[in-house]
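Hello,

Here is the structure we spoke about. Please look it over first, then read the notes below it.

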Amino acid sequence: VLAYVDHLITLQLTGNRDFCILRYRDDYSIFTRSDQRATEIVRVISDCLRKVGMQLGAAKTSATSNIVEGAIKPEKLAGIQLEDMDITQAKTIQKQLLRLHAFARLYPNSGAIKRLADNAFQKISKTTDAPDDLFVQVAIVCDIAAVSPSAFPALSGVLAKLISFASEKDRPAMWEKVAEKMRRVPHNGHLEIWLQRVTKAKGVGLTFESSEPICKIVNGQPAKLWNNDWISNPALIQALDVTKILVSKPEELDPVPKIEELSLFREYAEFS
């Protein structure tokens, strides 16, 4: 689709080639010698995107007169600075999480926040002492997830580790509060899948009700992942049986995800 948009842009920007446009996936970089020309090109790109039902993200569109500085996203620079401070070296878990929370609010859903959340999980997962302010820390993690849902795989591991320190009788109520908070996040299917992973795990065994199709399949309920109405071949329909996507049960998994379990998602996150 964006290759088609590139074609439309090329047709409109005829004449003086006093500019260069680079597109990497869905990121456009425009190089010109004047602000006015850059504004004109942005308008053309915006018009062409609108024809296919897309639009530029106003919050992520910026101008700079320094090529080096402009080539690096602000959240990436801030993430590098935060890594230099080393979020995992804060004296307490709460301070680690507060640093992560501050960064998440500045740069929500950025690639940097996913890496930093992953680093925090690797550190916190090795903790053996229960913190005094457990409920506060769980609340902080939930708030990070609410503003940066894309970091939830690692955050679900942090939550699982923290709640494992609670007494057995308090854990169900804490998980229910977490689930209640996550239900307020729009388009939260990704979060619910990970919540199901940690709440139905070995030794936790909570009932997790969700309208997310994958969660319903895991619960043994009928669900429709794809529109197969156009398929008339019975054998092909049988081959697309959604129950076959299950290779194991959440009840067989450890309550706190291992770092290796998340590594697969970290690997593919680089391409998302």
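This is a predicted model: local features need pLDDT of at least 70, side-chain atom pairs count only at pLDDT 80 or more; totals for chains, interfaces and linings use all residues.

**What turned up**

The count of aromatic pairs comes to 1. Its members are Phe-103 and Tyr-107. The pair is tilted, with 50 degrees between the planes and 5.2 Å from centre to centre. A tilted pair falls between two cut-offs: planes under 30 degrees apart would count as stacked, and over 60 as edge-to-face. Phe-103 is also buried, because its relative accessible area is 5% and the cut-off for buried is under 20%.

The protein has an average pLDDT of 84. At least 70 is reached by 88% of the residues. Confidence is highest in helix H1, residues 2-12, at a mean of 94. Helix H4, residues 74-85, is where confidence is lowest, with a mean of 63.

**Helix H10**

Now turn to helix H10, which spans residues 189-199. How many of its 11 residues are buried? The count is 9, so the helix is largely enclosed by the rest of the structure. Among the buried residues are Gly-189, Leu-191 and Trp-194.

Gln-196 deserves a separate look. This residue sits in helix H10. Gln-196 is buried, because its relative accessible area is 3%, and under 20% counts as buried. What does the side chain of Gln-196 reach? It reaches the backbone oxygen of Cys-215, at 3.0 Å.

**The cavity**

There is 1 cavity of 30 Å³ or more. The volume of this largest cavity is about 30 Å³. Which residues line the largest cavity? They are Ala-179, Met-182, Arg-183, Asn-188, Glu-192, Leu-195, Phe-208 and Glu-209. By type, the lining divides into 4 nonpolar, 3 charged and 1 polar.

H9, residues 171-183, and H10 each supply at least two residues of the lining. The largest share comes from H9, with 3 residues.

Find Gln-196 and follow its side chain to the backbone oxygen of Cys-215. Finish with the tilted pair, Phe-103 and Tyr-107.

Best wishes

Notes
Residues are numbered from 1 along each chain as its sequence is written. Side-chain values use heavy atoms; hydrogens and water are left out. pLDDT is the predictor's confidence in each residue, from 0 to 100. Helices (H or I, at least four residues) and strands (E, at least two) are DSSP runs, numbered from the N terminus. Buried means under 20% relative accessible area, exposed over 50%, partly exposed in between (1.4 Å probe, protein chains only). On a 1 Å grid over the protein atoms alone, a cavity is a set of points where a 1.4 Å probe fits but cannot get out, and a pocket is an open set with protein on both sides within 12 Å along at least five of seven lines; lining residues have an atom within 4 Å of a point. Grid points are joined across faces, edges and corners, and a volume is the space filled by probe spheres set on the points. Ala, Val, Leu, Ile, Met, Phe, Trp, Tyr, Cys and Pro count as nonpolar, Asp, Glu, Lys and Arg as charged, and the others, Gly among them, as polar. Rings of Phe, Tyr and Trp (its six-membered ring) pair if their centres lie within 6.5 Å; planes under 30 degrees apart count as stacked, over 60 as edge-to-face and the rest as tilted. A polar contact is a pair of N or O atoms within 3.5 Å; within protein, one must be able to donate a hydrogen and the other to accept it, and residues adjacent in sequence count only if both atoms are side-chain atoms.
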